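Me: I'm new to this one, and I'd like to learn how to read it. Could you take me through it bit by bit?

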Amino acid sequence: MTDIVVTRWWLVRHAPVVGTHGRVYGQMDVDCDVSDTASLKGLAARMPDDALWFATPLSRTQRTAQALAEQIRAAGRPAPPPPVVEPGFIEQSFGEWQGRTYREIGAFGQNEAAHRFWLAPAVETPPGGESFAMVVARVSGALATLTTRHRGRDIVLVSHGGTIRAAIAHALAIAPESALSLSVDTLSLSRIDHVDGPGKGHDWRVGLVNWPAP
């Protein structure tokens, strides 16, 4: 008889960004503030030992992963490995809108095409970018690949608000538009589990969404 195997994904959104001055940043490599030691310490306490760690190519996720690792070591626990960089979980690309203010791209109605994006962002695509529905498809593929490769492991992923919403949408099998109602704050923890075993098929369940660091 085959045992049930659970692969647990611990989804952490990076620390707050700085220096964007109200501009859309998406896949821009902006800095983040990792000075909130209390929140990082509380979040690090929730991270499992002996986990695989992943981050995205953007430095704000890698800096956050490093800050969490420092808190884990400071607590006398085994240091996690350096995060593996996984492009499949990078934030949504806003194309030509990146680096521009919401008003400049017409988020308040000056530009009809842009305005439709903000009213129905799951299906609209900014010029040269990707829609949120595309992000869900991209993240779903990355989840499937890494879950198969690391079946039964704990996986910590330090990522972005958009890609964490996409992962939860995949786990719940909900429409991308519905997932945009989810709050995913900086330095929050969400968790999705993949359950594989007799009578289970290949099922996902959601354990946590947007748990704040204590």
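Reply: Let's go from the overall fold to single residues. This is a predicted model, so to speak of local features we need pLDDT of at least 70, and side-chain atom pairs count only at pLDDT 80 or more, while totals for chains, interfaces and linings use all residues. Residues are numbered from 1 along each chain as its sequence is written, and side-chain values use heavy atoms, with hydrogens and water left out.

Me: How many helices and strands does the chain have?

Reply: Helices (H or I, at least four residues) and strands (E, at least two) are DSSP runs, numbered from the N terminus. Here there are 6 helices and 8 strands, and along the sequence they follow β-β-β-α-β-α-β-α-α-β-α-α-β-β.

Me: What does the radius of gyration say about the chain?

Reply: The radius is taken over C-alpha atoms, and the globule rule is 2.2 Å times the number of residues to the power 0.38. For 214 residues the rule gives 17 Å and the chain has 18 Å, so it is as compact as a globular protein of that length.

Me: Which residues of α4 are buried?

Reply: Buried means under 20% relative accessible area, exposed over 50%, and partly exposed in between (1.4 Å probe, protein chains only). In α4 the buried ones include Phe 132, Val 139 and Leu 143. By contrast, Val 123 counts as exposed because its relative accessibility is 59%; Val 123 is in the loop between α3 (112–119) and α4. Ala 175, at 41%, is partly exposed.

Me: Which residues have the most contacts inside the largest nonpolar core?

Reply: A nonpolar core is a set of buried Ala, Val, Leu, Ile, Met, Phe, Trp, Tyr and Cys residues joined through side-chain atoms within 4.5 Å. The largest has 25 residues, and among those with the most contacts inside it are Trp 9, Leu 11, Phe 89 and Ile 192. Helix α4 gives the most to this core, with 7 residues. A second, separate core has 20 residues, including Leu 68 and Val 156.

Me: Where does the charged end of Arg 191 sit?

Reply: A charge sits over a ring if NZ of Lys or CZ of Arg is within 6 Å of the ring centre and within 35 degrees of the ring normal. The charged end of Arg 191 sits over the ring of Trp 10, 4.8 Å from its centre.
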